[in-house]
Amino acid sequence: MTHSVLILGAGLMQRPAIEAAHELGLSAVVADANPRAVCARFADRFEPVDLKDREGLLSFARSLGPNLLGVFTAGTDFSASVSYVAEALNLPAHSFESACNASNKVRMRACFERHRVPSPSFREIDRNNLASLLEPDVLSSLRFPLVVKPVDNMGARGCRLVRDTSELLLAVEDAVRHSVSSKAILENFMEGPEFSIDAVIYKGTFTVTGFADRHIFYEPYFIEMGHTMPTSLDEAKRLELIACFARAAHALGLTCGVAKADIKYTSHGPMVGEVAARLSGGYMSGWTFPYASGCNLTREALCVAVGREPASLLEKRTPLASPPDLPYELYELCCTRASAERAWISIPGTVSALYGEDDVQGVPGLHDVFVRSRAGAHVSFPRNNVEKCGNVISAAASRAQAVESADRARSCLVVRLKPFEPETDSFLSGAVRGAENGFPPDAFGLDGKTRAAFDAFLDSAPDLAPDRFVAEQLPLCLASVSDSLCDWNGRTIIQTLRMFDFLVPVHGAYPGKVFWNSLVRGGIQGIMYVHDCADKKERLHS
C-alpha cells in the first residue's frame, strides 16, 4: 500500500505540497474545513476537518494507519496542529510546545526575552481589559508609535500602526476581534527595512532557503505589495539577520522541520518581528525561491516531515560562518537567479471586469498570474494581506530584470468597478474611517506645491471635450509629475490616461473637477468609474 502524508490546508499555498508528495511517491491526504477549497480536488483523499480541531485531526490521522509517514503545512496558521498530531503519532516534527511558542505572539515574545533575542517590548491585552488602556497611568507609559496585533493570526489581519492615543482603542478592539483567543499584543514599533527568511532545521543544522526583501506600504496598515529575492542588503547585515533568526528559532525550541522569520534591520541592529514553525506563504517558499534557486523547497521540507533525508538540499547547500555561541551549524542554499512577486490592489467597490490578463502573457520573464477577484467580487483597499486582488511572479537572470518584469505585468492589470456603488463614491470623495487619518492614500500622492496648484485648478476646471483623448487634456499643474508619480499598481499619470484612451476611445463630456479629482484619488479605476456612471446615466435617460 502507498505511504501517505497528511497535508493540513487545501488553499493555493498547499498546491506545491500536494505536487511534492506525488513526486516523492506519496499519497497526498488533505484536510480542510472547506471542501470547496481550491486544491481539494488535487488530493488523493480529502477529509473535511476543521484545522483548529486537533483531536479530530488526530483521530483522522490514526485512521490512516502505519502508512502515514508525516504531517505537513505551508502558509497556514496551523503549524501547532501539525506538531500536535505528529507528536502523538511519533512522527518527525517540531515539538508541540515549540510550535505553540511559534504560534502565539505572547509566548513567542516571552521566549525571546528569556533568551535575549532582540525583539520589541510588549504588553498583552485581552477583551476584558481594553478600557484599562485609557487609564492615565497606562497612557502616560506608552510611547507612540506602537504596533497592535492579534496574538494568534497571520496575513496581517488586525495588525496596524497606532500613531497616537486617538487611534489606540479602536485599533486594539479590531486586533482582538481578529484573534482566535480574543487577545492582542501591543508592542514598540521597529523602524527599518523588513525581510522574510525561510529555513530548514535538520539534525542540528540550520539552512537558509530564501532571503527576500519585503515591500510594505500604506500606513497605518502593513500591506506587503510584494517581495524580491535575492535581497539587496549588504552581506554583513544579511549574516547578522540570519544569525538572529537562528537564535530566535532556538529560543522557541524548533528542532525538526521548517521555520520562517519576519525580521527587520533597525538602527540597533536585527530585531525579530516573528518566527513561525512553517514555510512562508505569500508565494515565497512555493514559487519565488524555487524560481530563484532551482530548489523545490517544499519537496525538501516534505522529506524532513516524512523522515527522509532532504538529499538535494544537503547536496547543494553551502556553509556559512557561524558565531561560536550559535546552537546550530549554519548553511545556505543560494539563489543563482532572481524572482519578484508583486500584488495588485483595488479601490472599494464591486468588480465588473478584469482587463489585461492576455497582455501580461507577453511580458518577458513572467511566470505566474494569480487572480483573486473577478467579476462580481467585492473588493476594498486592503487593510491586510488577504484583501489584495491578485499577484504576479517573475523570474530572470538578474534582480533588475525580475523586478522590471513583475512591475510591468502588474501595471497591465485593471480592475473595472460597477457604477453607482456607495463604497466607491465614498472613497473617491476622500472619506476616511475613524482612527484612519490619511488612509486609504490617494492613487497619486501629490507634494504640497503640486497639490495646492491642483486644488486651485479644480476650482475652475473646464469640462473635458467629448471624443478627444484625455491624455491630450492633461492639466498643466500635473504635467511635471505625469511621468514620475506612480499609483499603487505602478502606473504613471500619463500611462493611466493613455490606458483610458485605449479602453474608452469614444466618450461624452466629463465635468473637469470630477474627472481630474477621480484620477488623482482613484487612478485608472477612478476615471473609468466616472465614465461608467455617466454612460449608465445617459443610457437610462435615452
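The following is a conversation about a predicted model, in which each label is set against its rule.

Biologist: Why is Gln14 called buried?

Modeller: The relative accessibility of Gln14 is 2%, and therefore Gln14 counts as buried under the 20% limit. Gln14 is found in the loop between S1 and helix H1. Leaving aside residues up to four places away in sequence, Gln14 touches Ile7, Leu8, Gly9, Thr73, Ala74 and Thr76.

Biologist: How do you know that the buried residues of H2 line one face of the helix?

Modeller: The buried residues in helix H2 (residues 54-63) are Leu57, Leu58, Phe60 and Ala61. Viewed down the axis of H2, they fall within an arc of 165°, so they line one face. Their cover includes strands S1, S2, S3 and S4, and helix H3. After H2 comes Gly65, with a positive phi near 75°.

Biologist: What makes Glu23 and Arg299 a salt bridge?

Modeller: The rule asks for a side-chain nitrogen of Lys or Arg within 4 Å of a carboxyl oxygen of Asp or Glu. Between Glu23 and Arg299 the N to O distance is 2.9 Å, so the pair qualifies under the 4 Å cut-off. The two residues lie in distant parts of the chain, Glu23 in helix H1 and Arg299 in helix H10, 276 residues apart. Glu23 is partly exposed at 48% relative accessibility, and Arg299 is partly exposed at 24%.

Biologist: How many salt bridges does that rule give?

Modeller: The count comes to 31. One of them joins Glu357 to Arg374, with the closest N and O atoms 2.7 Å apart. Glu357 is in helix H12 and Arg374 in the loop between strands S18 and S19, 17 residues apart. Glu357 has a relative accessible area of 25%, so Glu357 counts as partly exposed, and Arg374 counts as partly exposed with 44%.

Biologist: Why do Asp532 and Arg416 count as a salt bridge?

Modeller: Their side chains meet at 2.6 Å, N to O, which means they pass the 4 Å cut-off. This pair also links distant parts of the chain: Asp532 in helix H18 and Arg416 in strand S21, 116 residues apart. Both Asp532 and Arg416 are buried.

Biologist: Which residues are linked in a network of salt bridges?

Modeller: Glu194, Arg214, Glu224, Lys260 and Asp262.

Biologist: What makes S19 and S21 edge strands?

Modeller: The open sheet has three strands in the order S19-S17-S21, with antiparallel pairing. S19 and S21 each have a single partner strand, so one side of each is left without a neighbour in the sheet. S17 and S21 pair over four bridges, and two bridges are enough for pairing. Leu354 stands opposite Val415 in S21. Helix H18 lies across S17 and S21, at about 30° to S21.

Biologist: What makes you call strand S9 mostly covered?

Modeller: Nine of the nine residues in S9 (residues 194-202) are buried. Glu194, Ser196, Asp198, Val200 and Tyr202 point one way, while Phe195, Ile197, Ala199 and Ile201 point the other way, and all are buried.

Biologist: Which strands pair with S9, among them S12 and which other?

Modeller: S9 and S12 pair in the antiparallel sense over eight bridges, with Ser196 opposite Asp262 in S12. Seven bridges join S9 to S10, also antiparallel, and Ile201 stands opposite Phe206 in S10. S9 and S10 form a hairpin with two residues between them, and Lys203 in the turn has a positive phi of about 50°.

Notes. Residues are numbered from 1 along each chain as its sequence is written. This is a predicted model: local features need pLDDT of at least 70, side-chain atom pairs count only at pLDDT 80 or more; totals for chains, interfaces and linings use all residues. Side-chain values use heavy atoms; hydrogens and water are left out. Buried means under 20% relative accessible area, exposed over 50%, partly exposed in between (1.4 Å probe, protein chains only). The arc is that of the directions from the helix axis to the C-beta atoms. Contact means heavy atoms within 4.5 Å. Axes are lines fitted to C-alpha atoms, for helices over the stretch in contact, and angles run from 0 to 180 degrees between N-to-C directions.
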